[in-house]
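Please read the points below alongside the sequence and the model.

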Amino acid sequence: MLLARDVRTEAGGTTLLDGVSFSVAPGDKVGIVGRNGAGKTTLLKVLAGAEPAAGGTVTVKGGLGYLPQDPRLDGVPDDLTALSHVLSGRGFDDAMMRIEKLRLRIEEDPSPRNIDRFARAEERFRIDGGYSAESEVRRLADGLGLVADRVDQPLGVLSGGERRRVELTRILFAGSDVLLLDEPTNHLDTDAKDWMLNFLRGYRGALLVISHDLDLLDEAITRVIHLDRDGHDDTGTLVEYRGTYTQYRSARRKDEERLAKLAAAQAKEIDRLQSVVDRFGAKATKAAMAHSVEKRIARLQGDAVTGPSRERHMKVRFPDPPKAGRTVLEVDSLGKSYGDNVVFSDVTFDVGRGERLLVMGLNGAGKTSLLRILAGVSEPNSGSVSFGLNVVPGYYAQEHEGIVSGRTLLDHVREASPELGDEFRRSLLGMFGLTGEKVFQDAITLSGGEKTKLALTQLVAGRHNLLLLDEPTNNLDPGSREAMADALGDWPGTIVLVSHDVEFVQRLVPDRVLLLPDGDFRNWSDDLFELVSMA
């Protein structure tokens, strides 16, 4: 189980939550919700021990499994296979190495002592399930949509989505008593997401999950913790609701209505009493009465209800792009490999001004690799990329590679728009809900959703006419996703998009589709919508 007592969390020198207490018992399945920037990811990091609490205590009984929003696998060698990394979740990789060393020692010296040490190590390995571990890993990986032969590949050749699946497989394989999962269905196709939801339904430990996936929130949780925080300088509050996400939404709406009425009644009574003080406060004969009324006003103000803040909807507008030539992008015979692993080859296509191209393919098919080549971040092994007249490309990387530690939000936007003034840059950040002192915060301390908003602000500030977007709606709350879809749907520039978000793709209305790794390039057809979440 997990117990949080009087916990205080901070990010970028700002207190996000203070005095938070709750518990999660075995069998409890808790969803943590709230708008981007409310402090969900920071809270989960503190609960997982990935960051220290600024105050209070967190107690975890049993094994803990933690999936961060952006698992970087820092310190894990790129040449380590996915299988070995997952096996390390229960120490089987070290156990196998030890058994092999003991076996070699027997070959050198078959003494009774060496034979006994080998026999005891092998017996312990068998009892712990070591001989069935590899098949269990492959079963979990298959459920999460990791293609069988990818499990045997070095981590360094896997895509970002594949590495995330590997880390999720490792956490589930470890058999933890407490699971803390930050956006576990990101990068999962429909089948893998269904498998994950089924796993979470049957999980018997204590579960806390952050997700914007409404299916997960409705089907796999039984309790909601809502973090309510209005502005960057405000300290948030925590409110618990029993039931699914849909039940929470209904209960929260009722709370908003009830507390809004109560707050209005309190304000009306304070105004009435204040008018009494204003009328009689100056009269000597009424001074005692006026003083008594002032005390009543102070008590009412001290007990005043604010209630849960209503949802705020982000409004985004991309500026009209500079005009480009008729042909914006031409790709000829493009190929990409990592060592002996050929990701794709002989890919040829072109994109015209104002067109929307959707790039589809299973995880590992090379979608991110293609966008990185188009953005000039990496080099192809063969073929060429050429841009048309006056084309200014802008790249959104799904792993926020362009957001670096030690630089503020404003610094990042300055780099993207050296010709703009700080006042206009701050107005762009404000359009994405990044306001006040937050613009001076170290960008690396932002939540995943806020990093997405910063990266999108950089795109807006850069006045691009070709956008290369790799899963731009990951980590965004539903309202922000809708605002982004509306803004890009109305934007007249050119877009090359990778996305599993069906609703987002529907709003952008693709013109053509590129299917990887085969490089099949064709006009868009609406019957492809059902494949979007799977590719």
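1. Basis of the note. This is a predicted model, in which local features need pLDDT of at least 70 and side-chain atom pairs count only at pLDDT 80 or more, while totals for chains, interfaces and linings use all residues. Residues are numbered from 1 along each chain as its sequence is written, and side-chain values use heavy atoms, with hydrogens and water left out.

2. Confidence. The mean pLDDT (the predictor's confidence in each residue, from 0 to 100) is 84 for the protein, and 93% of the residues reach at least 70. Strand S13 (residues 382-387) has the highest mean, 95, and helix H10 (residues 287-302) the lowest, 70. Helices (H or I, at least four residues) and strands (E, at least two) are DSSP runs, numbered from the N terminus. Where pLDDT is low, the predicted coordinates should not be read in detail.

3. Helices H6 and H7. The axes of H6 (residues 160-173) and H7 (residues 190-202) cross at roughly 20° and come within 13 Å. Axes are lines fitted to C-alpha atoms, for helices over the stretch in contact, with angles running from 0 to 180 degrees between N-to-C directions. H6 is therefore roughly parallel to H7, a term for angles under 35 degrees.

4. Contacts of the pair. Arg165, Leu168 and Leu172 of H6 meet Ala192, Trp195, Met196 and Phe199 of H7, contact meaning heavy atoms within 4.5 Å.

5. Leu420. This residue lies in the loop between helix H12 (409-416) and helix H13 (422-431). Beyond its neighbours within four places in sequence, Leu420 contacts Arg425, Leu428 and Ala461. From Ser386, Leu420 is 34 residues away in sequence and 28 Å away in space, C-alpha to C-alpha.

Notes. Parallel < 35°, antiparallel > 145°, perpendicular 65-115°, else oblique.
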